[in-house]
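Please read each point with the sequence and the model in view.

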Amino acid sequence: MTDTLPPRTADLPAQWNPGEVEAGMYERWVDAGYFTADAQSEKPPFCIVIPPPNVTGSLHIGHAFEHTLIDIMCRRKRMAGYETLWLPGMDHASIAVHALVERALAAEGTSRRELGREAFIERTWQWKEEHGGKILAQMRRLGDSVDWTRERFTMDERSNRAVLTIFKRLFDDGLIYRAERMVNWSPEMRSVLSDVEVEHKEVEGELVSMRYGSLDDAEPHIVVATTRVETMLGDTAIAVHPDDERYTHLVGTEIELPLVGRMIRIVADEHVDPSFGTGAVKVTPAHDPNDFEVGRRHDLPMPTIMDETGKIADTGTEFDGMDRFEARVKVREALAAQGRIVAEKRPYVHSVGHASRGKFEPIEPRLSLQWFVKVAPLAEAAGDAVRSGDVIVHPKELEPRWFGWVDNMHDWCISRQLWWGHRIPVWYGPNGEVVCPGPDEQPPAGYTQDEDVLDTWFSSGLWPFSTLGWPEKTPDLAKFYPTSVLHTGYDILFFWVARMMMFGLYAMDEKPFDTISLHGMVRDQHGKKMSKTVGNTVDPNVWMDEFGTDAVRFALARVANPGTDAPIGDDNVLAARNFGTKLWNVTRFAMSSGASPALPLPSAPTDADAWILGRLREVRDQVDALLEDFQFAKATEALYHFTWDEFCAWYVELAKPQLADEATEDGTRAVLGHVLDALLRLLHPISPFITEALWQALTDGESIVVAEWPVAPGAPVDPAAARRVTDAQKLITEIRRFRTEQRVPDSRRVPARLVGLDAAGLGAHRASVVALNRLEATAPDFAPTATLEVALATGTIQVELDTSDAIDVPAERARLGRDLAAAQKELDQADKKLGNPKFVDKAPADIVDGIRARRAAAEADIERINARLAALPRS
RNA sequence: GGGCGCGUAGCUCAGCGGAAGAGCACUCGGCUUACACCCGAGCGGUCGCAGGUUCGAACCCUGCCGCGCCCA
């Protein structure tokens, strides 16, 4: 900091060139340590842990959106005096990386099994070092104010220890168990998936009705319908409703399963819907979740008829070895050949679960031995934390979604038949012993470790505290846990947020974050979901190249309404870029006019000064409250309008005549400098780079990153001054409108006399009205060709103009006609209300008075306009 | 099938009980020494439909129609 006035426009190039400046600026911020948090600080903490992007990922528009919003929060809090930690890191993305490396191996003509576990994992780490983490550089580009000294990875040493520690605790508490259950199997990955990794989608399939038992109508037979013909090879029963009289005589008997020849039972079960199809359903306990339950209730055999790749196996039929989809056709054909196909409905639309990762293949329900987390007690705590208000879900509309999930959560299948990830820390002894050693313990000699790894979300569920050092009692943990805000998309509320909440409450005995703030999905400019197949995706990196980072951030912030999807397209970014240019140019103008925040604010401000200073105070309060409430779009919009429509469009224009007047020029420079200084600081969290460049030039300060967040900039609102400015604006606008409609060229100076200005208290505004309307003083022989009346709050102004030609009477008549119609409509509406005795009687007095005042104003307007119309020459 | 939400200007959305708003698009006029990435003026809506509550409804309630999303 210097105590001399900083150099002026010399510092500011005529144009902002983001590409040339941003990277260097960012590295200076990092080097200066602005983003490095101090756990020993006395300042109040503000902490956000990054939703860890996949190590495979590169920055897409969803990241850009999420990071922009988080960065806005962090930068604001940092400026506002909080010890701010935004902790970066990445997720090891078990399935995604595993699949990626497997594909690479396949391309080389080998496989992970050929390579062996150890070599595979080594190879995967190597991939990570060489190709992973592309997103980190892109985060720098985006300006993320993360603390790089604390960067973490969900498979680093400390995360590993956290996983082992909590697994052991859950295991010892009986909250982790191993069981044979119906699971979601991915034949592609040859692994189980958790429920949340399955997406249900309507598909056009077939509904085939087929006849079991005898082909002789006199003998016992039964017709069942299915969308999955091939699973009949694993049927072990037919179920009917107990009250269904059509089948009462068959219940308890056996019938022959076609193609296989096995005898299967006919059982009565409450869960059968007698109105669906024939009212009889086939039961395949090992390959359908509902059938599994039926099988359990009736103690049915549960043969598995498919291997882990989705091929038919162990049925002893010709179909063994066929893929499930091929078998579906062949089995149907075989049944048809026997005359057992009674009906076929095709297409038959029904819902099928698909793997949300990988190739989006249909998942296969399969009976399998897996590890599970018993979620009931954990989920209850997660629900209670929100119910009690300890943790806030924002926006509140998404609370039901939270409860709907945590209150109905199924046990979480955590084992995956993959190699890349945290290996399950359970060891088996030679005689079936099962042990779970703690992080510092060794398994007994001769024991072998479980082959599977943990679901990726297991380690990311520990993220808010594993990143702060848990299970060690670190200063970071003491300072920053619980974290302040968890900000992420509503789409991973269940995948991730629910898990963090459960683990946080369990491991730390305290919530992992105070507030869950949810944003929506970025959509295209028409509000359509972005998808690669549709081709409507956008690339934030391309936008940053074209428009600069600040424009991308500003555009994203401007559409970020809490919890709702955000449509965005080129136009939005273009508009944001233009806004940056506007800000750049107005700062250049102010500085070239000698503006500086170091100058003392005028003791006798003009109306315009008082007005803009009051507005600044109001806007800062509004923006501050909106940002505190995660209303990024509204805060950004408020700043956009203040900057452009109030500061640039009005104050700066009003300031020009003030700068030409000795009495007001110094004060005007001070006000310009003061407002810009505060405005740049308010905008900095949204658009960090351009505001830094402008602010440093304007103030000669060290960095806007560590500048103070404005607390009470400007001045308290001066209502009288504000009203006079509003009046002056209305007067100026009305004259402009008249000029436009009378087609007076913009460049022509029009001699004019403003009658009644002093009486209306607007005497001091004469110079601005003249300047902004390109008027000029009247000569002694002034002869007005037109008179315009403008009704203001404090009086009516007559504007007498010499437009040098006869005025366009039809145009003027049309203009006045529109005004008259508007006033008449206003009068009618007011009369209607006031004519209703109930309104006058029951509505609050201030509302009634307001209507009366409007009525009076409308009446006066009508009288005035009619007089003017009458005075117009006939045409 | 269950739940949540949405239908407001050509498009995308804000407003959620007391005078219909914004951005973009569109029309007209302007290179007015910060800015044509700009300036000025303007056009544009029985707030999905039908009932109800209220002095008063885009806003609250009910039903219907049409769209999303989540979960089965």
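**Salt bridges and overall form**

1. The count of salt bridges comes to 64. The structure is a predicted model, and every value in this note is to be read with that in mind.

2. R150 and D476 form a salt bridge in which the closest N and O atoms are 2.8 Å apart. R150 is found in the loop between α6 (134-142) and β4 (152-153), while D476 belongs to helix α14 (residues 475-480), so this pair ties together parts that are 326 residues apart in sequence. Both R150 and D476 are buried.

3. A salt bridge also joins the side chains of D440 and R161, at 2.8 Å from N to O. This pair links distant parts of the chain: D440 lies in the loop between β19 (434-435) and β20 (448-449) and R161 in helix α7 (residues 157-172), 279 residues apart. Are these two residues buried or exposed? D440 is exposed, because its relative accessible area is 60% and the cut-off for exposed is over 50%. R161 has a relative accessibility of 28% and therefore counts as partly exposed.

4. The side chains of R681 and D677 meet in a salt bridge, with 3.0 Å between N and O. Because R681 and D677 are four residues apart in helix α21 (residues 662-683), about one helical turn separates them. R681 and D677 are both buried.

5. Salt bridges may also be joined into a network. Which residues are linked in this way? The network consists of E734, R737, E741, E812, R815, R818 and D819.

6. Regarding charge as a whole, chain A carries 97 positive and 134 negative side chains. The centres of these two sets lie 4 Å apart.

7. Chain A contains 27 helices and 29 strands. Its radius of gyration is 37 Å, well over the 29 Å that the globule rule gives for 875 residues, so chain A is more spread out than a compact globule. Along the principal axes, the C-alpha trace of chain A spans about 120 × 70 × 55 Å.

8. Burial and surface may be considered together. Of the 875 residues in chain A, 55% count as buried. The chain exposes about 37,900 Å², of which carbon and sulfur atoms supply 50%.

9. The final point concerns contacts along the sequence. Among contacts in chain A between residues at least 6 apart in sequence, 78% join residues at least 24 apart.

How values were computed: Residues are numbered from 1 along each chain as its sequence is written. Chains are lettered from A and ligands numbered from 1 in the order in which they are written. This is a predicted model: local features need pLDDT of at least 70, side-chain atom pairs count only at pLDDT 80 or more; totals for chains, interfaces and linings use all residues. Side-chain values use heavy atoms; hydrogens and water are left out. Helices (H or I, at least four residues) and strands (E, at least two) are DSSP runs, numbered from the N terminus. The radius of gyration is taken over C-alpha atoms; the globule rule is 2.2 Å times the number of residues to the power 0.38. Buried means under 20% relative accessible area, exposed over 50%, partly exposed in between (1.4 Å probe, protein chains only). Contact means heavy atoms within 4.5 Å. Accessible areas come from the Shrake-Rupley method with a 1.4 Å probe; for residues, only the protein chains shown count as cover. Lys and Arg count as positive and Asp and Glu as negative; His and the chain ends are not counted. The place of a charge is taken as NZ of Lys, CZ of Arg, CG of Asp or CD of Glu. A salt bridge is a side-chain nitrogen of Lys or Arg within 4 Å of a carboxyl oxygen of Asp or Glu.
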